[in-house]
Amino acid sequence: MHEYTSKSWVWGLSCPGFPEEVSRARRWTRDILRGSPFAEDAELIVSELSANAILHTASGREYGSFHLAVAVSAQVVAVSVTDDGGTGTAPKVEHQDQDAEHGRGLGMVNALAHRVIVHASGTGHTITAELFTDARRGGHPC
């Protein structure tokens, strides 16, 4: 492969931390992945991660924002949401009762994605959910 060509595509979107921006993030993801077998799962993941950023981090405060990235290659569709931080702990998957009203979101993301990665930086957290095009759930690409 030539060093300046790539078979991967990456899109990015920055959103102010308003609740109505979650629906914009969802539509944006759906438009990018139109026709992909992962479009619905990715849309749901982006919706959950964006809502979590607004509800649980500085992204939802005045002048807050969250940032999305969608990367597509022949092997993987990866969706990432980066928040503005402001919490003392990193997001984690909690196993809640199915009737619980809160705390089930990352568990749902974990169930939909083949792999979920949480990366902490000095300014916030990035949660990336990867959907492998040819893999078993919970594993790596075959």
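Q: Which residue stands opposite Ala 71 in β3?
A: Ala 78 is the residue opposite Ala 71. Strands here are DSSP runs of E with at least two residues, while helices are runs of H or I with at least four, both numbered from the N terminus. You are looking at a predicted model, in which local features need pLDDT of at least 70, side-chain atom pairs count only at pLDDT 80 or more, and totals for chains, interfaces and linings use all residues. Residues are numbered from 1 along each chain as its sequence is written, and side-chain values use heavy atoms, leaving out hydrogens and water.

Q: What makes β2 and β3 a pair?
A: Two strands pair if DSSP finds at least two bridges between them. β2 and β3 have six bridges, in the antiparallel sense, so by that definition they pair. Three residues lie between these two strands, which form a hairpin.

Q: How many bridges join β1 to β2?
A: Eight bridges join them, and the two strands run antiparallel. As one example, Pro 16 has Ser 65 of β2 as its bridge partner.

Q: Why is one side of β1 and of β4 left without a neighbour in the sheet?
A: Five strands form an open, antiparallel sheet in the order β1-β2-β3-β5-β4. β1 and β4 stand at its edges and each has a single partner strand, so one side of each has no neighbour in the sheet. From one strand to the next, the twist averages 15 degrees.

Q: Which helix touches β1 and β2?
A: That is α1, which packs on the sheet with its direction at about 165 degrees to that of β1. α2 packs on the sheet too, touching β2, β3 and β5, and its direction makes about 15 degrees with that of β3. Such angles run from 0 to 180 degrees between N-to-C directions, with axes fitted to C-alpha atoms, for helices over the stretch in contact.

Q: Why does Asn 52 count as buried?
A: Buried means under 20% relative accessible area, exposed means over 50%, and partly exposed lies in between (1.4 Å probe, protein chains only). Asn 52 has 19%, so it counts as buried. This residue of helix α2 is in contact (heavy atoms within 4.5 Å) with Thr 57 and Leu 106, leaving aside neighbours within four places in sequence.

Q: What makes the pair of Glu 43 and Arg 30 a salt bridge?
A: A salt bridge needs a side-chain nitrogen of Lys or Arg within 4 Å of a carboxyl oxygen of Asp or Glu. The closest N and O atoms of Glu 43 and Arg 30 are 2.7 Å apart, and the pair is a salt bridge. It links distant parts of the chain, with Glu 43 in helix α2 and Arg 30 in helix α1, 13 residues apart. Glu 43 is buried at 14%, whereas Arg 30, at 31%, is partly exposed.

Q: How many salt bridges does a search of the whole structure find?
A: It finds four. One of them joins Glu 130 to Arg 115, with the closest N and O atoms 2.5 Å apart. Here strand β5 holds Glu 130 and strand β4 holds Arg 115, 15 residues apart. At 12%, Glu 130 counts as buried, while Arg 115 counts as partly exposed at 29%. Asp 31 and Arg 34 also form a salt bridge, at 2.6 Å between the closest N and O atoms. Arg 34 counts as exposed at 60%.

Q: How many residues does the largest nonpolar core have?
A: It has 28, and Leu 131 is among those with the most contacts inside it. Such a core is a set of buried Ala, Val, Leu, Ile, Met, Phe, Trp, Tyr and Cys residues joined through side-chain atoms within 4.5 Å. The largest share, seven residues, comes from α2.

Q: Why does Phe 38 count as buried?
A: Its relative accessibility is 14%, so the buried class applies. Phe 38 lies in the loop between α1 and α2. It is 93 residues from Leu 131 in sequence but 7.2 Å away, C-alpha to C-alpha.
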